[in-house]
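Please open the model in your viewer and keep the selection tool at hand. The tour below moves from one stop to the next.

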Amino acid sequence: MSKRIDVKDLDVYYGDFKAVEGVNMEIEARSITALIGPSGCGKSTFLRTLNRMHEVIPGARVEGQALLDGEDLYGPGVDPVAVRRHIGMVFQRPNPFPTMSIAENVLAGVRLNSKKIAKSDAEALVEESLRGANLWNEVKDRLDRPGSSLSGGQQQRLCIARAIAVKPDVLLMDEPCSALDPISTLAIEDLMHELKSDYTIVIVTHNMQQAARVSDKTAFFNIAGTGKPGKLIEIDDTSTMFSSPRMQATEDYISGRFG
Ligand SMILES: Nc1ncnc2c1ncn2[C@@H]1O[C@H](COP(=O)(O)OP(=O)(O)O)[C@@H](O)[C@H]1O
Ligand SMILES: [Mg+2]
């Protein structure tokens, strides 16, 4: 097993408020890890620490370590922008740039990061990324139309194409299907299975069937009460988590007794 991400004793704060406490988590390369747990237990907060998006909020900070391939993402001198290039993110609501064309949306992250790219290289990258996101066949004849002309499910796949165009190592997804219809949701889930051969994926989902369908490992977070920090209760193979979890709280949550 190759360990791609290794989180050690991570505490996450918003100012004085400790939102997440004491997370230890190892994530293997080319796997899908689902983060589940009741609303407010810190799933999104934790996810955003993995690519240093958390700290863009004033007063937000972390203690502890998050290693990518053995290097602490929070080590001295580490550039958060470079971290975000290696660890891409897809959000709950599809957020293509509405007036930008489909092709320019795919290239948006690349253009932000780098030098000029030759037109032919750009065209090849647009096609490769849209194929990678299972969207190419639907949009290849209208690449110059605005991103906002697509359906919600297509927009989310466009956002995935934009994320993979920069060739990250890891993809973080925060409830990527929660704004989508069931057909689009299945399209994204199928896509995740394909992406897994190239990427390490961490997905937050409130949908336990989705966690069971797509993930290799499931991590259950919980919160003891309002104002208390969220904690990782357990992480295990998804099949084990959904059949015989070790902790009673996990059992209660997955059987729908709370949350
Ligand atoms: N920008 C923020 N500023 C202050 N507190 C926040 C912020 N975002 C989230 N929180 C708090 O952090 C805790 C965890 O929230 P969140 O990570 O969104 O949970 P989840 O994604 O599991 O629903 C909650 O108490 C929430 O109110
Ligand atoms: Mg959330």
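Two strands pair if DSSP finds at least two bridges between them, strands (E, at least two residues) and helices (H or I, at least four) being DSSP runs numbered from the N terminus. This is a predicted model, in which local features need pLDDT of at least 70, side-chain atom pairs count only at pLDDT 80 or more, and totals for chains, interfaces and linings use all residues. Residues are numbered from 1 along each chain as its sequence is written, and side-chain values use heavy atoms, with hydrogens and water left out.

Select residues 87-90, strand E6, together with residues 170-174, strand E7: the two pair in the parallel sense over 4 bridges, and Met 89 has Leu 172 of E7 as its bridge partner. In a regular strand the side chains alternate between the two faces of the sheet. In E6, Ile 87 and Met 89 on one side and Gly 88 and Val 90 on the other are all buried, where buried means under 20% relative accessible area, exposed over 50% and partly exposed in between (1.4 Å probe, protein chains only).

Next, select helix H6, residues 152-165, where 13 of the 14 residues are buried, so the helix is largely enclosed by the rest of the structure. After H6 comes Lys 167, whose phi is positive, near 55°.

Finally, select Phe 220, Tyr 253 and Phe 258, which form one aromatic cluster, rings of Phe, Tyr and Trp (its six-membered ring) pairing if their centres lie within 6.5 Å, with planes under 30 degrees apart counted as stacked, over 60 as edge-to-face and the rest as tilted. Tyr 253 is buried, at 4% relative accessible area, whereas Phe 258 is partly exposed at 31%.

Key. Chains lettered and ligands numbered in written order.
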